[in-house]
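Take a look at the structure below. The text after it goes from the whole chain to a few single residues.

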Amino acid sequence: MRIAHVLMLCLCLVAAAGTAGAATPRIVGGQAALAADWGFVAALETKQGSQFCGGSLVAPQWVLTAGHCRMYSAGAVRVVTGATDLTVNGGQVLMVDRQVRHPLYRQPVQGAPRDDLMLVHLTIPSVATVIPIATGVKPPPAGTLLRVAGWGATSYTSGTDSYGAGTSVLQQTPVRVSPAATCTAAYGTDAFETEDMVCAALPDKDACAGDSGGPLVSGKGASGLLVGVVSWGTGCGLKAYPGVYSLTVHNRCWIEGTIGLPPPPSAIATAESDGALTINWQSTKPCVGAPDPTGFRVRVLETGQTVELGGAARRVQLTGLTNGAPLTISVASTNLNGESTPISTTATPTPSIVTTQEAIWSGYQQVTNTFVLAPHATDVQWRVETGTRLRFSPKPWQLAPASSAPSTITVVTDGLAVDHDLDVRIATATGDVITVTERIQLAQPTAPTAVGAPQLRGVADVGGSLRCQLGRWSGTRPFVVSRQWLRDGRRIVGATNPSIEIQQTDAGSTLACRVSISGPGGRVQQTTDRVVVGA
Ligand code: 4AZ
């Protein structure tokens, strides 16, 4: 890419491609490249066959090229691998399904792109040679002799600022890494970034338009390593303007992270509950610049249950699991290339105890608690713990056999003084895990209070009958009620029925009914108004 002339260059390249093959082979000052040394070089072409950029096969299905080579959509691009002469039907022509440009690719100065890298994904693997990426952390020092290859322009005319035609036969030339100061002096510190770029030249030898994306390598043949990618420069072969290359060393993490499998997640942790497991994990980047995983795959090995989650997820709850059976859970990171080796853990969903009711007074000095034990695949032990003011005394363990239905546990506590606090809870033991419910505190009962007074109904004459109505009462239930009929204020022995038949002997006396209501909160008596029996 020529600085400040981006658009013009692209047009020029497409036009030049039509005449490819006729020109004298030269990258600009180069020689025909040997297939044995340059088997990893790839040509990026349009579907019509115009070569517009170079690249290097860094994995069977991945070509590393320049970020500014994203000129067309993936479907409009094809890649030729394993061929040095593009006019001969050799090598492999491959389709492209993804173009992944470096996330930091940018052009703060027009025509001088930074992080000028792109990975192109092939729909099927290439059988051509793969070139390893140079390891280490430092750019190659000034003076290092490297090689560059491409099918780009073989001449440049500075007077008219015009580029010659490309070539069908791959050209290669040595170039020498220039001191960083030379590059910044030529292009300025805004355009030339010493961290991410090198510039390199030899007299009259250079990469040129159409070579972009192609390889800058150290070593030869089997010992060749990819050091950089043809990126930009002013003209070609100009003494004052060495060609500029984007370095691979600084971007190895992004390259390897993009073409490889994601690293496995770490530090898996699980929490159990009734029929459920909550799984938490962490995702760590192997190095700065590595792409984030696209997602995570969580599996229950015993049941085959699989959950797919997005790349931001760090937690999932699996439900509908069987209580009491140990399960193995695995979590793997995924990206477009597949999934990492998983990490796994085992955990056992445990049956929970639910309180279905508040503690209720079920009788005088008697309280009932009801608990429900969730279904469980294996036997569960449970026990009642009762006490007062948090001092619990546990009863012996009981066995709840494996059951596919919820089971109810009823706890009746007798002989409670009304002013007593009562604490009840249930503990379950599943293996070594003991789970205790919240304590249930008994509410103090309230004494019965008449809301509507007891009343007599009926005809108060000899031969008639009277009925004793209880009235209405509030207070803590249950109530035990009783009646006692009174003649002239005294108990009539045995007269405790709701109704009374009026006898001859009752004539002239008074009748009343005394009602007793007793509940957990106390006992209250109330007597109806008296009636005088007529003749
Ligand atoms: C280009 O436009 C280009 N002389 C690549 C490299 C150089 C100039 C232009 C370096 O593809």
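Buried residues make up 47% of the 535 residues in the protein chain of this predicted model. The accessible surface comes to about 24400 Å². Carbon and sulfur atoms account for 53% of that surface.

Now turn to the fold. The secondary structure comes to three helices and 43 strands. The radius of gyration is 45 Å, well over the 24 Å that the globule rule gives for 535 residues, so the chain is more spread out than a compact globule. Its C-alpha atoms fill a box of roughly 145 × 45 × 45 Å along the principal axes. Take the contacts between residues at least 6 apart in sequence: 67% of them join residues at least 24 apart.

Charge comes next. The protein chain carries 38 positive and 35 negative side chains. The centres of these two sets lie 4 Å apart.

Is helix H3, residues 252-259, mostly covered or mostly open? It is mostly covered, with seven of its eight residues buried. They are Arg252, Cys253, Trp254, Ile255, Gly257, Thr258 and Ile259. Strands S3 (51-59), S4 (62-65), S6 (92-101), S7 (118-122) and S21 (327-335) are among what covers them.

Move on to strand S38, residues 480-487. S38 pairs with strand S41, residues 510-519, in the antiparallel sense over eight bridges. Within this pairing, Val480 has Ser518 of S41 as its bridge partner. S38 also pairs with strand S39, residues 490-491, again antiparallel, over two bridges. There, Leu486 is bridged to Arg491 of S39. S38 and S39 form a hairpin with two residues between them.

Most residues other than glycine have a negative phi, and most peptide bonds are trans. Asp488, in the hairpin turn, has a positive phi of about 50°, although Asp488 is not a glycine. Asp488 is partly exposed, with a relative accessible area of 40%. Ala267 also has a positive phi, near 50°. Its place is in strand S16, residues 266-273. Ala267 is exposed, with a relative accessible area of 51%.

The peptide bond to look at is the one from Arg477 to Pro478. This bond is cis, with omega near 5°. Where does Pro478 sit? Pro478 lies in the loop between strand S37 (472-474) and S38.

How values were computed. Residues numbered from 1 in each chain as written. Predicted model: local features only at pLDDT ≥ 70, side-chain atom pairs only at ≥ 80, totals over all residues. Heavy atoms only, no water. Helix = DSSP H or I, 4+ residues; strand = E, 2+ residues; numbered from the N terminus. Rg over C-alpha atoms; globule rule 2.2 N^0.38 Å. Buried < 20%, exposed > 50% of the residue type's maximum accessible area, 1.4 Å probe, protein only. Contact = heavy atoms within 4.5 Å. Areas by Shrake-Rupley, 256 points an atom, 1.4 Å probe, with all protein chains shown as cover. Lys, Arg positive; Asp, Glu negative; His and termini not counted. Charge placed at Lys NZ, Arg CZ, Asp CG, Glu CD. Pairing = 2+ DSSP bridges.
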